[in-house]
Amino acid sequence: PPPPRTMPPPASSSSAGTGTTTWLARYKTFVRRNRALLAAVEQGAAGLTWLLPGDNTEVYAEAASTIVGVVGTLNEHFVGDDDDDEEEEEGEDGRTATLA
């Protein structure tokens, strides 16, 4: 007879968030490398929201503008994290530490 099948071990909580963590780290890197591009896209999208056709145009424009604002704020936060990392590398005397 064939051997009994065994169930795979349950996923641990430490490995469950790995995919999300990796995706978030890649997104942060993208935001930090493309600050100017993202700012231009956010401004363009915010401007285009007022050109939406149809009934309830103002409601749709406000909703789209809010979404663009939230994404922009999130991106600014990620860029701010990068600036905080640079400040932590400064020494107590205010000079930036250099690695040899």
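The following legends describe close-up views of a predicted model.

**View 1. The stacked pair of tryptophan 23 and tyrosine 27.** The structure contains 2 aromatic pairs. In the pair of tryptophan 23 and tyrosine 27, the ring centres are 5.7 Å apart and the planes meet at 5 degrees, so the arrangement is classed as stacked. Both residues belong to helix 2 (residues 18-33), where a spacing of 4 residues places them about one helical turn apart.

**View 2. The edge-to-face pair of tyrosine 27 and phenylalanine 78**. Tyrosine 27 also pairs with phenylalanine 78, with 5.8 Å from centre to centre and 75 degrees between the planes. Because tyrosine 27 lies in helix 2 and phenylalanine 78 in helix 4, this pair ties together parts that are 51 residues apart in sequence. Tyrosine 27 is partly exposed, at 22% relative accessibility, whereas phenylalanine 78 is buried, with a relative accessible area of 5%. Trp23, Tyr27 and Phe78 together form one aromatic cluster.

**View 3. A nonpolar surface patch formed by Phe30, Leu37 and Val41**. The patch covers about 280 Å². Of its members, valine 41 is located in helix 3 (residues 35-48).

**View 4. The surroundings of glutamate 62 and threonine 49.** Glutamate 62 is part of helix 4 (residues 57-88). Its relative accessibility is 43%, and glutamate 62 therefore counts as partly exposed. The C-alpha atoms of glutamate 62 and threonine 49 are separated by 7.8 Å in space, while the two residues are 13 residues apart in sequence.

How values were computed: Residues are numbered from 1 along each chain as its sequence is written. This is a predicted model: local features need pLDDT of at least 70, side-chain atom pairs count only at pLDDT 80 or more; totals for chains, interfaces and linings use all residues. Side-chain values use heavy atoms; hydrogens and water are left out. Patches are made of residues with over 30% relative accessible area and no salt bridge: like charges are joined within 9 Å, nonpolar side chains (Val, Leu, Ile, Met, Phe, Trp, Tyr) within 5 Å. Accessible areas come from the Shrake-Rupley method with a 1.4 Å probe; for residues, only the protein chains shown count as cover. A salt bridge is a side-chain nitrogen of Lys or Arg within 4 Å of a carboxyl oxygen of Asp or Glu. Helices (H or I, at least four residues) and strands (E, at least two) are DSSP runs, numbered from the N terminus. Buried means under 20% relative accessible area, exposed over 50%, partly exposed in between (1.4 Å probe, protein chains only). Rings of Phe, Tyr and Trp (its six-membered ring) pair if their centres lie within 6.5 Å; planes under 30 degrees apart count as stacked, over 60 as edge-to-face and the rest as tilted.
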